[in-house]
Amino acid sequence: MNSISIEVILGDLTKQNTDAIVNAANKSLLGGGGVDGAIHRAAGPQLLEACKKLNGCETGDAKITKAFDLPSKYVIHAVGPVWRGGNSHEADLLANAYKTSLKLADENQCISIAFPNISTGIYGFPKEKAAAVVADLMKNLLPKLSFVKRIVFVCFDEENFEIYQREFGNE
Ligand code: AR6
């Protein structure tokens, strides 16, 4: 059986020692505010140098770098959609950002990966809707992973924490 554990925690993504952490980045991949800013500060200036070589990233896609001074091995820079009211493929693009991140983690033989609540901060994606997209995706995707055995959803605000606890339980 392919058993994968899903954990939901309230905390700081930059403190996670999972093999990979996922960044909620923008298309430039050159840093920003929110969790992106926190990741770049904690990883140190080498992360920006590595990101400059990636030539940006499309919305719904993701790219991987080393994690430098962070406790994890890799940062997967995922670009979620800006919320524009729900009729601009936001749900599909968000699902794709999570899916590509998990695929990259698996290809790089990561056993554990930690996600922030992509797009639910500065990009304004409604939190309940975003969590439902993620929960739906997990059901379909988990059986297809080979290496990933532990997925941690790191919530930074109480509201997302409560929503994720409801969606995923807290085993
Ligand atoms: N650990 C975990 N989660 C965090 C942390 C942290 N240290 N800091 C914030 N969050 P956001 P977005 C949560 O705004 O909506 C940047 O400027 C936050 O509470 O970081 O995808 C990028 O460069 C929220 O739940 O990302 C882009 O331009 C979640 O992380 C833009 O923001 C995502 O919020 C991306 O916007």
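**Loops, cores and contacts**

Guide: Asn55 sits in the loop between α2 and β3 (62-66). Helices (H or I, at least four residues) and strands (E, at least two) are DSSP runs, numbered from the N terminus.

Visitor: What kind of model is it, and how are residues numbered?
Guide: This is a predicted model with residues numbered from 1 along each chain as its sequence is written, and local features need pLDDT of at least 70, side-chain atom pairs count only at pLDDT 80 or more, while totals for chains, interfaces and linings use all residues. Side-chain values use heavy atoms, with hydrogens and water left out.

Visitor: Back to Asn55. Buried or exposed?
Guide: Asn55 counts as exposed, because its relative accessibility is 72%. The cut-offs are under 20% relative accessible area for buried, over 50% for exposed, and partly exposed in between (1.4 Å probe, protein chains only).

Visitor: What is phi of Asn55 near?
Guide: Near 60°, a positive value in a residue other than glycine. Phe68 also has a positive phi, near 50°, and is a residue other than glycine. Phe68 is in the loop between β3 and β4, and at 26% relative accessibility Phe68 counts as partly exposed.

Visitor: Moving to His77, where is it?
Guide: His77 is in strand β4 (residues 74-79).

Visitor: Why does His77 count as buried?
Guide: Because its relative accessible area is 1%.

Visitor: Which side chains make polar contacts with the side chain of His77?
Guide: The side chain of Asn23 does, at 3.4 Å, and so does the side chain of Thr65, at 3.0 Å. A polar contact is a pair of N or O atoms within 3.5 Å; within protein, one must be able to donate a hydrogen and the other to accept it, and residues adjacent in sequence count only if both atoms are side-chain atoms.

Visitor: What else does His77 touch?
Guide: Not counting residues up to four places away in sequence, the residues touched by His77 include Leu29, Leu47, Cys51, Cys57 and Asp61. Contact here means heavy atoms within 4.5 Å.

Visitor: Now the packing. How many residues does the largest nonpolar core have?
Guide: The largest nonpolar core has 38 residues, and Ile113, Met138, Ile151 and Phe153 have the most contacts inside it. Elements that each supply at least two residues of this core include β1 (5-10), α3 (90-107), β5 (112-115) and β6 (150-155). Helix α4 gives the most, with 8 residues. A nonpolar core is a set of buried Ala, Val, Leu, Ile, Met, Phe, Trp, Tyr and Cys residues joined through side-chain atoms within 4.5 Å.

Visitor: Take Phe153. What does it touch?
Guide: Among the residues touched by Phe153, leaving out those up to four places away in sequence, are Ile6, Val8, Tyr98, Phe115, Val134, Met138 and Phe168. There is also a second, separate core of 17 residues, which includes Ile21, Leu29, Leu54 and Cys57.

Visitor: How do the axes of α1 and α2 cross?
Guide: The axes of α1 (residues 34-43) and α2 (residues 45-52) come within 5 Å and cross at roughly 115°. The two helices are therefore roughly perpendicular to each other. Axes are lines fitted to C-alpha atoms, for helices over the stretch in contact, and angles run from 0 to 180 degrees between N-to-C directions. Under 35 degrees is roughly parallel, over 145 roughly antiparallel, 65 to 115 roughly perpendicular and the rest oblique.

Visitor: Which residues make the contact?
Guide: Ile39, His40 and Ala43 of α1 meet Leu47, Leu48 and Cys51 of α2.

Visitor: And Leu48, where is that and how far from Arg150?
Guide: Leu48 is in helix α2 and is partly exposed, at 28% relative accessibility. Leu48 and Arg150 are 27 Å apart in space, C-alpha to C-alpha, and 102 residues apart in sequence.

Visitor: Last one, Asp19. Where does it lie?
Guide: Asp19 lies in the loop between β1 and β2, and it counts as buried at 13% relative accessibility. A polar atom of the Asp19 side chain lies 2.7 Å from the backbone nitrogen of Ile111. The backbone nitrogen of Asp19 is 2.9 Å from a polar atom of the Ser112 side chain.

Visitor: Where is Ser112?
Guide: Ser112 is in strand β5 and is buried, with a relative accessible area of 9%.
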